[in-house]
Amino acid sequence: MEGKSLSEVLAVKDPAKITKSNETSDVGPLKLKVYKKRWLILIIYMIYNGTNSSQWIEYSIISNIVTRYYGVSSLMVDWTSMIFMAIYVVFVFPASYVIDKCGLRWTIIIGTALNCLGGWIKTFSVHPDRFYVAFIGHAVVALAQTLVLPLPGHLAAQWFPSTELSTATSLGIFGNQLGIALGFLLVPITVKNHDSLDDIGKDLTRLCWIIAIIGTVVFGLVLILYQNEPKLAPSETRALQKLNRAKKREEFMAPIKRLSKNKNYMMLCNCYGLNVGVLDVVSTLLNQIFLAHFKNGEEDAGRIGLAIILTGMAGSVSFGIILDKTHKFKETAVTVYFLTFVGQVLFTVSICMGIKWMVYVSAIFLGFFMSGYLTLGYELSTEFTYPESENIPAGILNMTTSIYGIILIIIFGIILNAYGDIPVHIGLCLTLLLGAILTAITKDEQRRQDARKKAQYEGFAQMEKNVNGVPETNQLTYSVN
């Protein structure tokens, strides 16, 4: 490298190109390595996430059938959805503590074990007087979710380089949305609205056994194949984060206190909570809202829910790629939030007009932006809170959405029963409009990107010293395996 100028060194835009070999240098503290196994780790997590989230809407999407079979109110069926949110609020900090202390592997082992147990409990619930058993099993699955939702950003940071962080996070969320989509699709197909309660019971039995067996298989996969954090960090930001945490051994509550004083993060929690809260309302009350305008539309309601989530999956991955390429976090968030509001208005108009094909088209548009916003929320959370461990900000972010979800489902559920669905639609549109305004006035801040640029600059500056004959002391090294 003798004779090269600093400008020539800085022409290497990606530090991943500084050193690419199967060996890592022992020089300096910032030793980076990208492992091929990261994709296997991500795929297993996506499967685990999907098997858990598929059960969230399991009873609500066939609310009219469940109320008939078990002889319970629609509010009790709504609580099978809300219990996921309520348990998350109660256990978010214990779950974050487990993630922080036990690491990725043991966190996911515990989560898949709870998910498996909840599925098997529900196999004993198929009898008209055993709704309480179904609710207990559902609650155990909901407890497992507390060890699922905070992990996409955390997993991405531990295993993926800076050029793939947003994409990896979006794929982690993709697994969650895929599970919800399968719930919307398969549950109404599996459980039909038979005249005979015995026939409904047979369908419910089949559904419960499928869920239990799949949960058991996933638990086995995690036990055999899942690995904790790799030995070497995959990115500059992760390496710096580990160094910072090694130097500062602090109590669990310290980062929570700092987050509570972070104005941008607090604003994000409310914006994200309003968006996902509306998504929770639409998902939970979709069966009741749709049947108010379309008779015998259980399967159509499931397919519309499927359309919302499937297009949301495409949106999540698309926005993750956009963020990795552009790093324009606020501009993307404001645009997506406003288009979510537009989608909700179109969805409202099409349902109230009773035009089924328009409902499907508007659901596709709404889902792409509303569900797609999930990736943006996680990524903005990481940007606003770096260098905090990703699981704690993500846990608080999801706790906020759970609180908003419970409040909005209860309020709009009461309004739906008392005044019909039109006031519900208007209220959902106004809620999203408020969220869009709050997103627009939130300050643009990119702490993680700033740290990455600083690490790159210092690495390049050290290389320039090496060019000019200064001994190597803190060289950035990067390898791919």
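I began with serine 81, which lies in helix α4 (residues 74–122). Helices here (H or I, at least four residues) and strands (E, at least two) are DSSP runs numbered from the N terminus. I note that this is a predicted model, in which local features need pLDDT of at least 70, side-chain atom pairs count only at pLDDT 80 or more, and totals for chains, interfaces and linings use all residues. Residues are numbered from 1 along each chain as its sequence is written, and side-chain values use heavy atoms, with hydrogens and water left out.

Is serine 81 buried or exposed? I found serine 81 buried, because its relative accessibility is 0%; buried means under 20% relative accessible area, exposed over 50%, and partly exposed in between (1.4 Å probe, protein chains only). I then listed its contacts (heavy atoms within 4.5 Å). Beyond neighbours within four places in sequence, serine 81 touches Trp56, Ile57, Ser60, Thr284 and Ile409.

Next I looked up the nonpolar cores, meaning sets of buried Ala, Val, Leu, Ile, Met, Phe, Trp, Tyr and Cys residues joined through side-chain atoms within 4.5 Å. The largest has 94 residues, and Phe184, Ile304, Phe347, Tyr373 and Ile396 have the most contacts inside it. Helix α11 (residues 263–291) gives the most to this core, with 15 residues. Apart from it lies another core of 30 residues, including Met46 and Leu155.

For tyrosine 373, with neighbours within four places set aside, I recorded contacts that include Leu268, Cys271, Phe319 and Thr439.

Last, I checked cysteines. Cysteine 208 counts as buried because its relative accessibility is 3%, whereas cysteine 102 is partly exposed at 36%.
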